[in-house]
Amino acid sequence: MLVFCLLVVVIFSFTFDPGSTYSKEAAPGILWVAFTFSGMLGLNRTFSQEVDTGSIHGVLLAPLDRGVIYLGKMIGSFIFMFLVEFITLPVIIIFFDLNLEGHYLQLFVIIFLATIGFVAVGTLFSAMTVHTKTRELMLPILLFPVMIPVILSAVNATASILNLEEWSKILGWIRILSAFDIVFITLSYLTFDFVVEE
Amino acid sequence: MIKVKELTKIYNQQFALSGLNFDIDYGKCLCILGPNGAGKSTFIRILSTLSRPNQGDIFIDGKSVFENPAEFRRKIGLIAHATFLYPELTAAENLKFYATLYRVPKPEKRADALLKTVGLAHRSNDRVRTFSRGMQQRLAIARAILNEPEILLLDEPYTGLDQSASQLLTDRILELKSENRTIVLITHNIQQGFQLADKIAVFKEGRIAFEAETGDMTESEFQQRYHEIIAAGGNN
């Protein structure tokens with residue numbers, strides 16, 4: 001995940017002249033392309049190893065509400081993805097010569113909320129697609145259309161932050177991301193049992 | 001009493017179970033026999049709540065197992081052909097992980113005790129992927145009985161086991177029987193099934209084709225009856 005994410009950032013950075021205004025304009029999009037595509041690699045593996053070895057049934061047999069298993073998987077995916085983003089962010093700041101001027105907290109909030117939304121839906125869809133033959137292909141095909149609100153909000157909010165705009169300018173995007181997170185975590189928690197049951 | 005009522009499961013527009021009705025008494029061992037595709041494993045998967053029926057229900061003391069499946073899962077242990085173990089974890093780590101999931105008190109002590117019981121104490125810190133099939137199945141036995149289940153479900157548990165592992169499993173089943181645990185055993189070995197069971201049922205095409213108490217007939221009588229049922233077309 002981390003290597004892929006860094007590679008995306010480095011390859012895109014080569015396509016622009018150093019310090020050009022175009023690179024700064026494209027940076028929010030590139031940042032989220034790197035995050036979402038590397039996150040997809042992680043989500044594809046959320047259930048695949050356990051399904052391949054059969055150990056997923058051992059977990060499903062445990063006397064737990066299966067929503068708890070979903071939350072555990074989601075939190076695990078979130079930690080990995082957030083770590084990758086945390087390591088990649090300084091690299092993209094250096095390669096694209098970005099200036100955050102104290103707007104780190106805003107960017108942290110946007111990355112945090114968007115990543116939660118991404119893994120909330122991604123974990124559920126990963127459980128849905130893991131039994132299909134073309135699971136690596138199916139997951140992005142199903143997931144990206146649903147993720148449009150998250151990706152649009154995250155890219156626009158990141159662009160506002162990089163333009164050093166105030167909190168009030170990104171508040172609308174924060175509301176959209178928060179609403180998406182609450183709705184999809186709740187829905188996924190409630191439907192996970194039916195997704196994993198045969 | 002476990003009461004199975006009108007249990008129906010459809011896969012790809014084909015009936016895996018077709019209105020199954022029967023009872024399992026507490027503290028008894030039921031052996032289910034039948035040809036491949038008869039619905040035996042489907043039944044175990046539904047009974048273990050891994051799968052949900054299209055129609056019908058399973059009742060324990062009058063309550064549907066699907067009303068509070070998490071509570072029901074606390075009472076069961078499942079040994080299947082697949083071991084449900086994590087190959088990258090050690091034997092002890094696997095047992096501790098499952099003991100924690102089942103909220104077994106003092107998981108480390110319980111894991112160590114069970115590793116001794118199944119004869120794997122000397123390999124407790126080795127990764128499961130380095131184990132032979134027989135050793136993995138021994139560990140799977142330990143995993144299934146971690147929570148001291150009231151109901152033990154065994155889906156062809158003898159597959160791939162060497163003689164000593166088979167004996168260990170048989171001993172364990174007999175021990176659980178003596179403790180009045182309910183056992184549902186699926187096997188293709190008629191002799192083994194007949195010797196262990198109190199009641200025997202033959203599944204065919206998603207229905208019960210025959211059921212009897214093992215005390216009511218001899219093993220050879222049952223063998224003959226079983227082959228007649230399997231050879232006959234349609235349900236008997």
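Contact here means heavy atoms within 4.5 Å of each other. With that in hand, here are some notes on this predicted model, in the order I would look at things on screen.

1. Leaving out neighbours within four places in sequence, B:Phe43 is in contact with B:Val4, B:Leu7, B:Leu17, B:Leu20, B:Phe22, B:Ile24, B:Ile32, B:Ile58, B:Val184 and B:Phe203. The largest nonpolar core has 145 residues, and B:Phe43 is one of the three that touch the most other members, together with B:Phe203 and B:Phe222. Helix α6 of chain A (residues 104–129) gives this core its largest share, 14 residues. Within chain B, domain 1 (1–75 + 149–236) and domain 2 (80–144) both contribute residues, so the core lies between them.

2. **The helix that carries B:Phe43.** Helix α1 of chain B covers residues 40–47, and it is largely enclosed by the rest of the structure because 6 of its 8 residues are buried. The buried ones are B:Lys40, B:Thr42, B:Phe43, B:Ile44, B:Ile46 and B:Leu47. If you follow the chain past α1(B), you come to B:Thr49, which has a positive phi near 65°.

3. **How the two domains of chain B meet.** Chain B is split into domain 1 (1–75 + 149–236) and domain 2 (80–144). Taken over C-alpha atoms, the centres of the two domains of chain B are 25 Å apart. The contact brings together 15 residues of domain 1 of chain B and 11 residues of domain 2 of chain B. About 1100 Å² is buried between these domains of chain B, with 62% of it on carbon and sulfur atoms. On the domain 1 side, B:Arg74, B:Leu168 and B:Arg172 lose the most area to domain 2 of chain B, together 34% of what that side buries.

4. **Polar links between those domains.** How many salt bridges does the rule find across the interface of domain 1 and domain 2 of chain B? The count there is 0 salt bridges, while 4 residue pairs are in polar contact, both residues being at pLDDT 80 or more. On the side of domain 1 of chain B that touches domain 2, β7 (151–155) and α6 (163–178) of chain B are the elements that give two or more residues. The largest share of that side, 5 residues, comes from α6(B).

5. **Where the chains come together.** Chain B brings 21 residues to the contact and chain A brings 17 residues. The area buried between chain B and chain A is about 1800 Å², and carbon and sulfur atoms give 57% of it. B:Leu50, B:Arg73 and B:Leu101 supply 30% of the area that chain B buries against chain A, more than any other three residues.

6. In the salt bridge of A:Glu197 and B:Arg52, the side chains meet at 2.6 Å, N to O. Four elements of chain B each supply at least two residues of the side that touches chain A: β1 (2–11), α2 (69–73), β6 (76–79) and α3 (91–101). The largest share of that side of chain B, 3 residues, comes from α3(B).

7. **A buried serine in chain A.** A:Ser153 sits in helix α8 of chain A (residues 148–162). Is A:Ser153 buried or exposed? A:Ser153 counts as buried because its relative accessibility is 1%, and the cut-off for buried is under 20%. A polar atom of the A:Ser153 side chain lies 2.6 Å from the backbone oxygen of A:Pro149. Not counting residues up to four places away in sequence, A:Ser153 touches A:Trp173, A:Ile176 and A:Leu177.

8. **A lysine to check against the cut-off.** A:Lys73 belongs to helix α5 of chain A (residues 66–95). A:Lys73 counts as buried at 19% relative accessibility. A polar atom of the A:Lys73 side chain is 3.1 Å from the backbone oxygen of A:Thr46. Apart from residues up to four places away in sequence, A:Lys73 touches A:Thr46, A:Phe47, A:Glu50 and A:Thr123. The C-alpha atoms of A:Lys73 and A:Asp52 are separated by 16 Å, with the two residues 21 residues apart along the chain.

Terms used: Residues are numbered from 1 along each chain as its sequence is written. Chains are lettered from A and ligands numbered from 1 in the order in which they are written. This is a predicted model: local features need pLDDT of at least 70, side-chain atom pairs count only at pLDDT 80 or more; totals for chains, interfaces and linings use all residues. Side-chain values use heavy atoms; hydrogens and water are left out. Buried means under 20% relative accessible area, exposed over 50%, partly exposed in between (1.4 Å probe, protein chains only). A polar contact is a pair of N or O atoms within 3.5 Å; within protein, one must be able to donate a hydrogen and the other to accept it, and residues adjacent in sequence count only if both atoms are side-chain atoms. A nonpolar core is a set of buried Ala, Val, Leu, Ile, Met, Phe, Trp, Tyr and Cys residues joined through side-chain atoms within 4.5 Å. Domain bounds come from an automatic or database domain assignment. Buried area is the accessible area (1.4 Å probe) that two parts lose on being put together, summed over both. A salt bridge is a side-chain nitrogen of Lys or Arg within 4 Å of a carboxyl oxygen of Asp or Glu.
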